[in-house]
Structure formats: C-alpha cells, structure tokens
Amino acid sequence: MERVLAVWCLLGTCLGSLTQCTIPTSEFRLEGDYLIGGLFDIHLFRDQHYRVKPEAIECSDKKIIESSYRRFQMMRFSVAQINNSTDLLPGVSLGYELFDHCSDTENFPNILNLISFNGLIQPWSEQTRNLSKVIAVVGIYTSTATLTAAPLFMTDLIPMVSYGASSSVFSRKQIFPSFLRTVHPNKDVIEVILSILKHFDWRWVSFLYSDDDYGKDGLELFIRKINDTNICLAYSKGLNTDTNYYPILKQIEAQRIPVIIVFTAEWIAEALIGSAIKQNITNKVWVAGDAWSLNKKLPKEKGIRNIGTVLGVSEPTMTIPGFSDFIYATKTEAHCENVEEDKPCNQICNCSSQTAEKILAADPSFNFPVYSAVYAVAHALHNVMQCGGGRCNTNITVHPHMVLAEMKKSNFTLLNHSIRFDENGDPIFGSYSIVFWNDSGDAHKVGFYDFPPSFRFSINDSSIKWFSGGNVPTSRCSKECEVGYKKKQDGIHKCCFTCHNCPSGTYINSTADPYTCSECKETEWSEDGSTSCSLRVVDYIPYTDGGAIVIMVNTGVLVGLTVAVAVLFAINYNTPVVRSAGGPMCFLILGCLSLCSLSVFFYFGTPTVASCILRYLPFLLFYTVCLACFVVRSFQIVVIFKITAAIPKLQTWWTKYYGQWLIITAAFVIQALLLLIGHLSAPPKPYNDTKIYQDRIILNCEMSPKAFSGAVALLTFLCSLCFIFSYMAKDLPKNYNEAKAITFCLLLLILTWIVFATVYILYSGKYIQIINTLAVLSSVYSFLFWYFLPKCYIIIFQPHKNTQQYFQSLIQNYTKTICQ
C-alpha cells in the first residue's frame with residue numbers, strides 16, 4: 001500500500017491522508033517532463049447526423065463504456081508505474097493529456113490540442129521546431145476513429161500507438177508512417193477464427209460485421225482467406241446502431257446457417273445478441289471477435305443459454321500487478337477532484353458511478369495493449385535520452401520522430417512478453433485465447449493460438465458444452481457425398497451440391513478435386529463409385545497355353561502330312577491318280593498349304609509388328625495360290641470332259657500357252673501387290689484392346705479393313721470361281737470326280753469362316769485367337785483331307801484303280817453316255 005500511496009502522491013492527489021485533499025486533480029491531466037497523449041472513447045456517442053464543420057461534442061452526458069474506462073485507467077496506472085520506477089527513465093517524469101474521444105468523426109478539438117504548441121498550430125513553421133507538446137499518442141480504440149485522426153499525427157511523424165485499431169490499412173507505411181499498434185491486425189484475428197472453423201469442420205457460415213472500416217476490413221480478409229478452402233460464406237451483413245436485426249436473423253434461419261461469426265464492436269454485439277434472445281433464435285454457434293468475446297454483461301443475460309454456444313477469440317487475460325491497488329486508491333480519492341471551469345468538455349467524465357469493483361469487473365480486453373503501448377513509448381524515450389546508470393541525458397532535445405525511430409526498434413520484455421514491432425508497425429508478440437461462455441457466465445479459456453514463429457494452435461473440445469448435447473454441431477449446406485460420388489455445385493456456393501456416382505472407368509479423389517470423376521489410365525480400370533483405379537490384367541495367349549500347344553501340335557502334324565503326301569506323290573508321280581490330281585501342281589498346292597499353316601505360330605505370345613504381319617500375310621498370300629490352283633484344276637476338268645467337244649481349239653491354246661501357270665502366277669502377283677499396298681497404307685500393329693473387358697487388356701493386332709479388303713475380295717472371287725467350275729463338273733464319273741472333292745472342300749471352307757465370323761461377333765476375348773487359328777487349320781486341313789488323302793488311299797490300298805486302262809475305261813464310258 002505504501003508503494004501505491006507514493007505513486008498517487010506523484011500524481012498530486014494526496015500528501016499524507018486518504019481522506020484529505022490539498023491539490024485539486026484531474027484524471028485527464030498529469031504534468032511531466034514529457035507528455036503522452038491519450039485518446040479513449042469513454043462515452044458511447046453515435047450521432048449519425050451530417051454536420052458541415054467540426055464541432056465539440058458533449059461526451060459526459062452519454063452512456064459510459066465500462067471497458068473503455070478501464071483502459072483509460074490502465075494508461076494512467078502505466079504512467080504512474082513508470083514514474084515510480086528507478087530503472088526506466090530515471091529522473092525523468094512522464095505526464096499525460098487524455099481526452100474522451102467519444103465521437104468517431106466530429107470531435108477534433110482534442111486532436112488539435114495535442115498537436116498544437118501553446119495553443120497554436122503552425123503548419124508552415126520551420127520543421128526543426130517542436131510544434132507538438134506531446135512526444136507520442138496512445139489511441140484510438142476503433143479503426144474508423146483512427147482513420148480520421150491518424151493523418152493529423154502523421155504530418156509531423158508523431159508516433160501514434162493504437163491499442164485497438166486493427167484494420168489492415170494501418171500496415172501501409174506509405175500512408176501511416178508513424179503509426180504503430182500493440183494489438184494484432186484483423187488478418188491475425190481472422191486467421192484464428194478460420195482455424196476454429198477448420199478445427200470443427202464448419203463450412204456453412206454467416207459473417208455479421210460492423211458497418212465501418214473495422215468490420216469491412218474483417219469481411220474482406222475473411223472472404224480472401226476462405227477462397228482456397230471448403231468454407232462458404234452463406235450470408236454477410238453490415239450492422240450499425242440503427243440496424244433492424246429481425247430480418248437479418250430470419251434470413252440466417254431461412255438459410256439454415258448454424259454458425260454466426262460476429263465481427264463487431266461490443267455495443268453492436270450486445271444489441272444483436274439481445275435481439276436474438278428476444279426472437280428465440282436457438283441452436284446456433286456464435287463466434288465472437290476479440291472486441292466483445294470477454295464482454296461481462298452478455299454472458300449473464302437472461303436467456304443467453306437458449307441461443308446456442310458462444311465461442312470467442314480474445315486477448316489473453318493478464319493480471320497486471322498493482323493495477324487493482326491503483327484503482328482502489330484512485331476511487332477512494334475521487335471525491336477530491338474539482339471540476340475546473342476552463343476544462344474542455346471531453347475531459348469531463350462524471351464517472352462517479354464507476355466504483356473500483358465495477359472497473360475491475362469490466363471487460364479486460366485490450367488492457368495489456370494499452371499497458372504495452374505506454375511502456376513502448378517510455379522505452380523509446382529512455383533510449384533517445386541515452387538513459388543508463390541511474391540518470392538520463394536531459395540536454396538532448398527530444399522530437400517525436402526520434403521517439404518514433406526508437407519505437408520501431410523496440411525489443412524489451414514486459415510481463416514475460418517480448419515487445420517488438422515488425423516493419424509495418426504491427427506487434428511481433430502475444431497470442432490469442434479461445435474462450436467459451438460457460439453456464440456460470442464466465443469466458444472460460446478452452447484453447448490458444450500462438451502466433452509465428454512459435455506457431456501453436458489447440459482447442460480442448462471436452463471443455464466445451466455444446467447446445468447439441470455433447471456432439472460438435474455440424475455446419476453444412478449439403479450432406480457430404482458418399483464414397484465414390486462426385487459433387488455437382490448447386491447454385492453459387494460450392495458448399496451446396498448434389499451427389500453423382502462416378503461411372504466405371506473413372507474414380508473420384510475427394511481430396512484433390514471432389515467435383516470431377518477422373519478418367520483411369522488405359523492400363524487401369526475401376527468399378528462404379530471407385531476412389532482409385534486398379535491395374536488391368538494383361539491378357540494374351542502365351543506359347544505355354546494348353547490351347548496354343550494343341551494348335552501348334554496339329555500344325556506340326558499337318559506339315560508332316562503334307563510332306564508325306566508330297567513324298568508319296570513323288571514316288572507315284574507318273575501314275576494316273578497323281579496326274580489327275582494335278583501332277584506337278586500338287587506339289588505347289590501342298591507347299592502352299594504348309595506355308596499357310598505357319599501363320600498359326602504368330603497368334604501366340606506378346607504381339608509385335610512382325611508377328612501381326614505374319615499372322616495374316618502367309619495365309620492370305622499362299623492360300624490365294626492354292627485357290628488359284630484349284631480354280632485352274634476345276635477349269636481343266638470341265639474343259640476335258642465338257643468344253644473340248646464344243647471348242648476343240650481351247651484345249652490346244654490352253655496347252656500351248658501354259659494357261660494354268662499364267663493364271664496361278666497372275667493370281668499370286670495380284671495378291672502380293674494388294675498386300676503390299678495394304679501394308680504400306682495401314683500395316684497391322686499391336687493393339688491393346690481395353691473395350692471388351694473393363695478389368696483386362698487384351699493384347700491383339702489391329703488390322704485395318706481398308707488394308708485387307710482387296711486381298712479378301714480376291715480370295716472370295718477365286719473361291720467363287722472355283723466353286724462354279726467344280727459345280728459344273730458334279731456329274732462326272734463316280735470314280736473319277738476331283739470336282740466333287742473340290743466342291744466339298746470349298747463348302748467346308750465357306751462353313752468354317754461363317755462359323756468364325758459368327759463367333760467373332762458374339763465373343764471377342766483373348767481366345768478368339770485360338771478360334772482364328774482353328775479356322776486357318778480347318779481351311780488347310782479341308783483340302784488335305786478331302787482332296788489329297790482319298791488319292792493317297794487309292795495309291796496305297798487300291799492300286800488296281802491307279803492304272804491307265806482303268807482311267808481310260810472311265811472316260812470312254814462317260815463319253816458314250818454323253819453321246820447317247
């Protein structure tokens with residue numbers, strides 16, 4: 001108590017007794033070697049009428065803002081504490097000139113008083129003269145009032161240290177070069193609010209703000225920060241003292257917005273919450289800005305629990321040693337104050353209703369910013385005056401700009417906080433508390449947010465009692481989509497959407513892009529509603545496949561049979577059976593049939609360009625030669641038995657010019673040219689078929705219809721021509737009827753490829769290659785079995801039919817039959 005009394009005596013309040021007063025005092029003024037200005041909106045004045053010139057406003061007859069009056073007392077206490085210190089500014093006393101800045105835009109006399117010298121303002125005087133009687137100014141609380149007053153202090157680089165103006169514009173040093181603040185700017189408060197929303201996954205929110213520079217700046221920052229998040233601003237509205245809250249709250253109810261961010265001054269918040277209670281607004285989460293989160297009146301309002309849960313962002317509540325004693329001492333001596341007749345109207349308080357208990361129970365928000373602002377000025381002055389060793393250099397003429405330069409370099413510890421400013425004059429210290437209004441009417445701390453570089457954020461969810469009865473309330477416009485569904489935005493808000501299932505072959509990555517079903521790669525697949533793709537199984541027929549082995553064995557057997565038949569025919573080359581079968585032409589046919597069968601081996605294994613070409617080229621080319629041989633052979637049979645009698649010279653011409661070899665050679669050359677042109681224009685190539693099965697890749701060969709249409713057309717033409725000639729000879733002698741054998745082989749050939757075409761249409765899996773090889777082998781085997789093997793049977797088992805006499809008798813009998 002002795003320390004408090006000593007401090008108070010320094011203020012000139014008393015000399016020995018708490019009940020006697022010898023010198024009239026004012027709470028607004030204190031003489032000292034150096035003066036600090038102070039601007040506090042002690043009274044609430046919100047006059048919206050337009051005025052044509054600045055006017056002094058009567059503040060003292062307005063409503064007192066208890067929290068602001070507490071901050072006013074905090075500055076007085078800070079100066080008294082510094083003056084009582086032996087370490088800070090030893091031998092130098094600080095004084096102050098405080099004003100009740102109750103009007104944002106119309107109370108200019110107090111500002112002009114601070115920047116004047118002996119009551120005069122000389123803007124064109126020498127710059128070296130110290131025109132201002134103050135070395136720094138602490139204030140103002142609101143951003144709008146600061147925007148009005150700050151330019152006047154910036155002209156002479158008078159340091160202005162605000163304890164409450166948090167609008168982002170003050171960080172612009174080209175406009176506000178001598179402005180600093182001990183409260184964090186709006187961007188930091190919005191960052192904390194955003195962290196709360198993200199922590200509880202609240203995405204559908206409304207933002208109510210003061211319709212002034214402070215609130216508009218907060219709204220702009222909030223919109224900017226949620227751009228790249230999944231949070232949607234469903235509704236926003238500016239509020240002032242004349243706002244009708246009924247339609248605003250009804251609109252929030254209509255849009256089913258559970259979370260309401262209230263970024264306003266405390267008097268607007270009081271009106272808003274009071275209206276919400278009257279309208280019986282329930283089941284909401286109210287997120288309070290730092291301006292009213294520690295409000296002492298609202299948590300004790302009747303019906304406050306019905307509106308829902310109130311969370312808030314606040315400056316940490318700090319106990320400042322000695323402040324309580326100072327307030328009790330001040331209020332004990334308050335009755336000694338005399339009101340001077342010449343005292344400005346905004347230095348009159350009429351604060352007799354503000355007892356010590358009432359002041360100490362008021363909202364403590366922004367008390368430490370006031371405390372640290374005064375100390376920042378004091379430390380800067382300490383450095384300017386080169387204080388040290390218990391004394392200061394009083395010969396130094398102190399100018400405000402010198403104090404400003406030292407304030408920018410501030411680096412001292414105050415109540416375990418390192419007080420520093422960044423290049424924009426914003427604080428690089430402190431943290432914010434996350435508070436919850438509990439049932440007892442107190443703002444209970446449930447978390448914290450430490451600013452970088454030691455960034456930390458934490459909320460104790462179990463300490464919060466939700467209106468929903470234990471569970472964290474949800475805040476969504478639309479119910480979250482199920483796994484595997486994409487979002488389709490419904491309206492202007494990305495939080496409002498409908499859900500659509502992602503089809504097969506696509507997947508949804510909700511983390512990267514919840515609005516798009518991404519296509520799987522060609523080598524991947526997915527089912528409906530997938531969140532990822534799986535690798536397709538690569539499917540082809542390897543050489544080790546059972547079906548492939550059977551086919552290759554049969555091909556080997558076929559080649560062996562053709563060799564055996566060729567050997568047998570070579571041994572019996574001059575016999576009638578071999579000659580009637582075609583003579584030397586038989587060896588060409590057998591050789592081509594063997595070469596045709598070799599294409600079968602290229603249907604297995606991983607397709608390559610070479611294997612794709614060799615799948616089709618040998619069969620198409622050499623089977624053309626076979627069919628050409630059978631066309632010639634069928635034609636010869638018809639000529640021998642039927643046409644020679646009518647056209648005798650045809651036989652001579654045919655024999656003389658080797659007609660049979662000309663036709664075979666022509667067919668071979670034409671087919672070779674057609675295949676060459678086709679391969680040059682569109683050669684077969686490996687092809688990954690991903691359309692048949694969604695989970696498999698069928699390795700196949702792509703064959704262009706244009707490339708092979710000519711070759712297939714030639715084959716079809718030869719087959720038709722062969723069939724016509726062989727059909728014309730269907731009534732030849734029973735024991736001498738190659739034409740019937742050729743006709744039967746052609747029928748088998750046609751039937752084989754009809755069956756293959758049907759299966760190819762109905763089934764297109766990897767085993768279509770097996771079916772294709774079976775068709776090739778069937779085409780080759782049909783001629784081998786039904787044309788050559790019967791002749792081999794006669795050669796081996798019926799040699800009596802393989803004589804010249806036997807064949808001549810057949811021909812003579814047939815000729816007699818025709819003549820008759």
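Modeller: Let us begin with pairing: two strands pair if DSSP finds at least two bridges between them. Helices (H or I, at least four residues) and strands (E, at least two) are DSSP runs, numbered from the N terminus. This is a predicted model, in which local features need pLDDT of at least 70, side-chain atom pairs count only at pLDDT 80 or more, and totals for chains, interfaces and linings use all residues. Residues are numbered from 1 along each chain as its sequence is written, and side-chain values use heavy atoms, with hydrogens and water left out.

Colleague: In what order do the strands of the open sheet of 8 strands lie?

Modeller: The order is 10-9-11-12-13-16-17-18, and the pairing is mixed. Strand 10 (232-239) and strand 18 (456-459) form the edges, each pairing on one side only. Within the sheet, strand 11 (residues 259-263) runs parallel to strand 12 (residues 284-288), with 4 bridges between them; Ile261 has Val287 as its bridge partner in strand 12.

Colleague: Which strands does helix 6 lie across?

Modeller: Contact means heavy atoms within 4.5 Å. Axes are lines fitted to C-alpha atoms, for helices over the stretch in contact, and angles run from 0 to 180 degrees between N-to-C directions. Helix 6 (residues 213-225) lies across strand 9 (204-210), strand 10 and strand 11, at about 155° to strand 9.

Colleague: Is strand 5 buried or exposed?

Modeller: In a regular strand the side chains alternate between the two faces of the sheet. Buried means under 20% relative accessible area, exposed over 50%, partly exposed in between (1.4 Å probe, protein chains only). In strand 5 (residues 94-100), 7 of its 7 residues are buried. One side carries Leu94, Tyr96, Leu98 and Asp100, the other Gly95, Glu97 and Phe99.

Colleague: Which residue of strand 5 is the bridge partner of Leu30?

Modeller: Strands of a sheet pair through backbone hydrogen bonds, either parallel or antiparallel. Tyr96 is the bridge partner of Leu30, and strand 1 (residues 29-30) is antiparallel to strand 5 over 2 bridges. Tyr96 is also the bridge partner of Ile36; strand 2 (residues 34-40) runs parallel to strand 5, joined by 7 bridges.

Colleague: At what angle do helix 13 and helix 15 pack?

Modeller: Angles under 35 degrees count as roughly parallel, over 145 as roughly antiparallel, 65 to 115 as roughly perpendicular and the rest as oblique. Helix 13 (residues 546-571) and helix 15 (residues 584-597) pack at about 170°, their axes 9 Å apart. The two helices, helix 13 and helix 15, are therefore roughly antiparallel.
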